[in-house]
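Subject: Structure for you to look at

Hello,

Here is the structure I said I would hand over.

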Amino acid sequence: MKYIKTIFSAIALSVLTPVGAQTIPADSGLAADTAYIALLEQEKILNRAADSIGTIIDEWRGKLSENPDKRDEYSIEILRMEGELFDIRNQIGIITTRTNLLEQEYLLKNMSDDNASINNESLKSEDFFASNLTQAELDALRDGKKADSIVTALGKRLDAAVSLQRDIFNSYREASDKEAADSLAVSFEKVTAEITSLNDSLRSFWEPVYSNQTYAFERLLDKINTPASLMESLNEQSRNLRSREAEAVNKYSAPAFAMYDPQRRMLLRLGRLLADRLQMPYKADSCANELAKKESEKYRYAILRLPELTFVNFAPLKIGGTGVVSETNPPKELVVPSRGPLYKIELLTSDGELTNYTRLRKVNPVEYREIAGDKFVYYAGSYRTRAQAKSDYDRVRRLGISAKIAAWNNGVPVDENGVEIEEIPVGDIYRVEVYSMDDTTRDIIKEIAPDKDLMSLEIDGETVISVGPFEEYEKAKFLAKSLPKAKVTGIKLQ
């Protein structure tokens, strides 16, 4: 628990060390607001603590790069420290939300009267809105002015959560044993729940604001007899936006955040048209200037889903004893891990599945896998290194079995030099999985396989395009070899 003491020391040091420079408010008029200044001071202290922990995390990352054999141990410690950092950033986010709201309220109460035409427009719009809108719609217009501050504050916490989620996701995919993977999976679900909570917080605030503002603008435009020709384009954009919103739920980890800017821009379009119709040039220009800015892609974080990992219990083979393979205890299908090396003793290959296991003598446990051409290969033992497999290989040879050592690396069979062995996938038909899709790749597919369908798949958290089917392996292989990152897979027909 040394790292916990280190973190607490860093926080204590940040709290006890004088901050130094005087806290400067966003507006000089806020200097007399003691609650506001106290929040700024607290935010500064927490930022110093976050910086201290960040430095410690960087040091541990350095240890990890120097000692890759301790990846699992160091990764878990780093993730725990990042969890502490995440909690501090959450506190900072809460404080920032409160200070932003105080600043917003102050500015709204103390708007400058220098520009008479702007104030005249404001008075004119306020009278018009007050006369024609419900209280809920008026509240939505008021709350809309606070939206950017709230989104910014919640967004800081979302950024921290998504960053931690990605770190956990990457560490999970590299985990070399089930215990480490399970621990990381628990952390991943915890952070995912935090992302969902932040998204729900924004949605509960923004959804009624957006809905009421949209309805209010559309009703006011209708009230002043806005021609249908002026509304047609906005109605089309609104329909497109609803389609994007429906897709966002399955596309982004925080869909309310992802849709905030597009929805805000929709309100600006409605507001600009209403201002034009009411002859309020300042408000119309203000909306136009905002719309001239490029639509933000911030917060459009893709959904991450942990892939199902396969782990091997490395164990030497046994000769004799319980568990000997037989008709009542047949071999189990071999599972090859998708990461790292695996070595096994290859016992024999048969045409079709064995029904008599006397040739396997007393070796156990035995596993099998099917390869192209209706061949079944039988194996025993599981080893991390070739040297470990070699000692058992000699024992099996002494039993009279013409055994050899089989090896895989990252799920792919390799020879004794670590070179990939090309194997025809088992199947009656074939498909090509494409892992990198761009315009050049699409052109190659259209040229070589114009009649094949394309399907989108999710494999190990990565989107893959599957092209096929192919009845001949060579044709599928030709397409795969023509693409920068693709492989052939087989499908057995029932």
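The notes below go through peptide bonds, backbone angles and aromatic rings, in that order.

Please keep in mind that this is a predicted model.

Cis peptide bonds

Two places are worth a look here. N364 and P365 are joined by a cis peptide bond, with omega at about -10 degrees. P365 itself is in the loop that runs between β4 (363-364) and β5 (366-371). Another cis peptide bond joins G468 to P469, and there omega is about 0 degrees. P469 is part of a strand, β11, which covers residues 462-470.

Positive phi angles

N225 has a phi near 55 degrees, which is a positive value in a residue other than glycine. To find N225, go to the loop between α7 (178-223) and α8 (228-248). Is N225 buried or exposed? Its relative accessibility is 62%, and the cut-off for exposed is over 50%, so N225 counts as exposed.

D374 also has a positive phi, near 55 degrees, and is likewise a residue other than glycine. D374 sits in the loop between β5 and β6 (375-383). With a relative accessible area of 51%, D374 is exposed, because the cut-off is over 50%.

Aromatic rings

How many aromatic pairs does a search of the whole structure find? The search finds eight. One of them is formed by F257 and Y299: the ring centres are 5.3 Å apart and the planes are at 65 degrees. Planes over 60 degrees apart count as edge-to-face, so this pair is edge-to-face. F257 belongs to helix α9 (residues 255-277), whereas Y299 is in the loop between α10 (281-292) and β1 (318-319). The pair therefore ties together parts that are 42 residues apart in sequence. Both F257 and Y299 are buried.

Ring pairs also link W206, Y210 and Y260 into a cluster.

A charge over a ring

The last item concerns K452 and F470. The charged end of K452 sits over the ring of F470, at 5.0 Å from the centre of that ring.

Regards

Notes
Residues numbered from 1 in each chain as written. Predicted model: local features only at pLDDT ≥ 70, side-chain atom pairs only at ≥ 80, totals over all residues. Heavy atoms only, no water. Helix = DSSP H or I, 4+ residues; strand = E, 2+ residues; numbered from the N terminus. Buried < 20%, exposed > 50% of the residue type's maximum accessible area, 1.4 Å probe, protein only. Phe/Tyr/Trp six-rings, centres within 6.5 Å; stacked < 30°, edge-to-face > 60°. Lys NZ or Arg CZ within 6 Å of the ring centre and 35° of its normal.
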